[in-house]
Amino acid sequence: MQNLPLSLFNFTLINNMSFLSIEELKELVEQPQGLCVSIYMPTAQLGSEIQQNSVRFKNLIRQAEAEIGKYELPSTDLDQFLQPAIELDEDDFWQHQDAGLALFISEGFFRFYRVPIDIIELVVVNTRFHLKPLIPLLSGDNRFYILTLGQRDVRLLEGNRYGMTREVEIEGLPKSMDEALQYDEETSKDEQRRQGAGAGRSALQAGGSYHGHGGGRENVKEELLRYFYLVDKSLHDFFRNRRSPLVLAGVNYLLPIYQEANTYNFIVEEGIQHNTKERTAQELHAEAWAIVEPLFQADQQKAIDYYHESIAAGKGSNDLDEVIQGAFYGRVEQLFVPVGVQKWGHFDPDSMEIERHNEAQPGDEDLLNAAAIQTIFHGGTVYAVEPGAVPDEAPVAAVFRY
């Protein structure tokens, strides 16, 4: 993946890494009608290996055709059904890839994502999209934020263990200190006019001293603190009900001043202490990830300990049927599922009946996939881990809310 200057971050990274949000996941769950095709493939990004992308892709398309044939779709419709995917197979397309590619096709619906995670080749054809390989992008154990601080620029960036995913647009986030304090001064003067000169002067003095462009600044730190109070205020609604770590990035004298203004409970004490203006997104991610990775490892261990405590208290389970039922009814608070493992079958939420099969049959879905999706939709946390990392090496592990 090419080095991208931070100034290009918002447009380029989102389109190349195809940030996947909870809202998009819901669309993939709710949009399809009828037959659904999910295709996953690892993609090469360098040198002569790139040519293998097209060969691998054609093989997966043929595999999808064979699977679709089991559903007796009229042959005249087959090419048209897969045409949106087939049209991607151009040299230029394969020159711009990430670690993996995910495609979703149904009648009148087509979506693809370049994803920054290693995935295995997989083709799934049934009545729902197969989404579990994407869960690591949405799991609650690796999302963090970077707040870049400068007197002329403030940005909020979102990332995970795989890279930076987007620049978060915050309405009202100050563009610069001068702009913010001028606006704040005008607001204070308006308030002064409404409430009377005496009360207005008291309110302005309480907020700090600022004399505008025409005069000197008596206390730079006081003005920076006032500026950062306005930044923190603009971020308040976004961070409401969030628990992801926030890393501050900027020249070292700014960070402790912002921490004094901060009201978000999950700010990280250690920050990135230098000017970030010339840093690429990849460089910034590497510095931030070195700070937050130990926190995530500690949180996951706490989650495992919590699971064992819940099992002992009768509020946890590693029984697949019980976990699936609980997930559909919003009982699952925390879920561990193994990446690359499928448990095929069908769950009827009305009758609470579960059918399980050793091999995928028409109409089946991956029950682990269904449990993970439902857990996320009901506000639970999903840890998508290697099979051996599921607690007690169980097929699945869950903590129940009740």
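Biologist: Which residue stands opposite Leu147?

Modeller: Strands of a sheet pair through backbone hydrogen bonds, either parallel or antiparallel. In this predicted model, Leu147 stands opposite Leu156 in E6, and strand E5 (residues 144-148) pairs with strand E6 (residues 155-160) in the antiparallel sense over 5 bridges. Two strands count as paired if DSSP finds at least two bridges between them, and strands (E, at least two residues) and helices (H or I, at least four) are DSSP runs numbered from the N terminus.

Biologist: Which helix packs on the sheet, and which strands does this helix touch?

Modeller: Helix H10 (residues 281-312) packs on the sheet and touches E5, E6, E7 and E8, where contact means heavy atoms within 4.5 Å. The direction of H10 makes about 130° with that of E5; axes are lines fitted to C-alpha atoms, for helices over the stretch in contact, and angles run from 0 to 180 degrees between N-to-C directions.

Biologist: Which way do the side chains of E2 point?

Modeller: In a regular strand the side chains alternate between the two faces of the sheet. From E2, Gly100, Ala102, Phe104 and Ser106 point one way, while Leu101, Leu103 and Ile105 point the other way, and all are buried, that is, under 20% relative accessible area with a 1.4 Å probe, protein chains only (exposed is over 50%, partly exposed in between).

Biologist: What should I know about the numbering and limits?

Modeller: Residues are numbered from 1 along each chain as its sequence is written. Local features need pLDDT of at least 70 and side-chain atom pairs count only at pLDDT 80 or more, while totals for chains, interfaces and linings use all residues, and side-chain values use heavy atoms, with hydrogens and water left out.
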